[in-house]
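Thanks for coming, everyone. Have a look at it first.

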Amino acid sequence: MELVGFLWSSSICLLAVLLIQFLRGGKARNSSGQLPPGPRGWPLVGNLFDLGEVPHQALLDLKEKYGPVMMLKFGAMNTVIIQSSKAAMEMFKNHDLTYSGRTITDAMTACKYHEGSLAVAQYGPYWRTVKRLCITALTINKRVNETISLRRKSIDKMIQWIEEGAKTQGGVQVGHYVFLMNFNLLGNLMMSRDLIDPQSNEGPEFLKAMDKIMILAGQPNVANYFPFLKWLDPQRIRKKMDEALGQGLRIVTGFLKERIENQKLGEGEGQAKISDKNAVSLMLEMFFGGTETTTSTIEWAMTELLRSPETMNKVRRELADVVGPNRRLEESDIEKLHYLQAVVKETLRLHPAIPFLIPRRAVKDNIFMGYHIPKDTQVLVNAWAIGRDQDSWDDPLSFKPERFVASDIDYKGQHFEFIPFGAGRRICPDTIDMKERMGITLRKNVPLKALPKKRSVHYGIN
Ligand code: HEM
């Protein structure tokens, strides 16, 4: 009798615990082992409210309580957050292949964009072929040198716009002009045309479509957290994305028509074939990858320089020493501009353009730093938090380019305290030497407005 009573009361207790766990989104342990710690979530939505308005900041705030490897649940999606250089090193050095998948959001499936994309391609033959192509295009010295004049032309245009803007408006929005310059630069590099051309309607239309795509791609979408809602597309994000992406793809197809007909991409031995449709998606992706990221970095660099006159003066002095007063800056000067390079690194440390990198996905169940990580868990690496970690950096919140001057720390994915371009297999293909070439996102909330002043010399750097 006592035994029966004991079993009854234990079963009731167990049920109550399970119910509470379910209702509170509990996830302390599963059958395969201990999951990483993390805040208890709410029924159904899990930890969505823990993300706050600035997710990389809100998640860093949780690190003190839960440590550098946390697990949260967004709806039905398990998500691991990595927030220290040690945990990042463990991930990229010893688990890179396991975490080389990508989570594909519902919006990315519009127009089957994900099938052509490199950034959200699953690790495999297609990704390998396209990544190789992309790295080759970005790094072959000969090609980079051949296109110097195109970059010069785009930068000269930007300076002209800024001068005109300064005359009519006084202060100019730095990010706006830098974005247009980047956009035109990519148009020239990939399609041999000025996209921001007063004579053409396609450029502004393309710009508008890209803007819409980027806004939609960043919008929180319940269909990502509850996959059973995907068919319903409750916020109509996929539908709107279908329209915006459709328009972007149509415009790029028009630009590329003759080129695609004359070229067959990626048909060498051991390479996956790239269809015309996928080639167009890739071109569009280069615009996403190459505009917001570089624009936000330059805007932040200018902001930091304007609020630190001493640093600005050091940059000016270096430019005066290396470039002198009678000619303008050339790309070949960049390798001698050590302080300017340190300014760029310091900007990327404090303001990485993609604070969580591009989300990875665990391709199988695995054990990470003693924790069980189930297959399909999304992995976010908080590069923003890691760049500000006082265990890795002295006086981490201050903008001090000097810390990089006599240091060999670079952004190529070998120094895990500084990973603005990611690391491992999925590292950004744009991590080539700055001395060869100056070059998804965290733009300033309040755009930088600055008063440009022209240098007095004829070929001045403005
Ligand atoms: C300041 C400039 C840039 C920053 C900070 C940046 C940052 C990043 C980051 C953090 C990732 C994710 C890496 C990971 O998952 O570990 C990435 C991937 C990528 N970036 Fe960049 N990026 C920049 C410029 C560019 C440019 C100019 C292009 C192309 C023209 C580009 C194309 C890509 C592509 C295609 C991927 C996906 C690579 C893959 O999944 O294998 N990025 N970038």
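Helices (H or I, at least four residues) and strands (E, at least two) are DSSP runs here, numbered from the N terminus. This is a predicted model: local features need pLDDT of at least 70, side-chain atom pairs count only at pLDDT 80 or more, and totals for chains, interfaces and linings use all residues. Residues are numbered from 1 along each chain as its sequence is written.

Start with Cys428. Cys428 sits in the loop between helix H16 (402–405) and strand S11 (449–450). UniProt, in an unreviewed entry, lists Cys428 under "binding site". UniProt positions follow the numbering used here, feature names are shortened, and annotations may be inferred rather than shown by experiment.

Is Cys428 buried or exposed? Buried, because 24 other C-beta atoms lie within 10 Å. The cut-offs: buried is 20 or more other C-beta atoms within 10 Å of the residue's own, exposed is 12 or fewer, partly exposed is in between, and C-beta atoms are placed from the backbone. Leaving aside neighbours within four places in sequence, Cys428 contacts Phe421 and Gly422. Contact means C-beta atoms, placed from the backbone, within 7 Å.

Now the ligand. There are 25 residues around the ligand, and Gly289, Gly290, Thr293, Gly422 and Cys428 come nearest. Near means a C-beta atom, placed from the backbone, within 6 Å of the molecule. Helix H5 (125–139) and H12 each give two or more residues to this shell. H12 has the largest share, seven residues. By type, the shell divides into 14 nonpolar, seven polar and four charged. Nonpolar is Ala, Val, Leu, Ile, Met, Phe, Trp, Tyr, Cys and Pro; charged is Asp, Glu, Lys and Arg; the others, Gly among them, are polar.

Next, the core. The largest nonpolar core has 91 residues, and those with the most contacts inside it include Ile82, Ala88 and Val381. Helix H12 (residues 276–306) gives the most to this core, ten residues. A core is a set of buried Ala, Val, Leu, Ile, Met, Phe, Trp, Tyr and Cys residues joined through C-beta atoms within 7 Å. Ala88 touches Ile82, Val381, Ile386, Phe416 and Ile419, not counting residues up to four places away in sequence.

Last, strands. Strand S4 (residues 77–82) and S10 pair in the parallel sense over four bridges. Pairing takes at least two DSSP bridges between two strands. Val381 in S10 is the bridge partner of Ile82.

Key
Contact = placed C-beta atoms within 7 Å.
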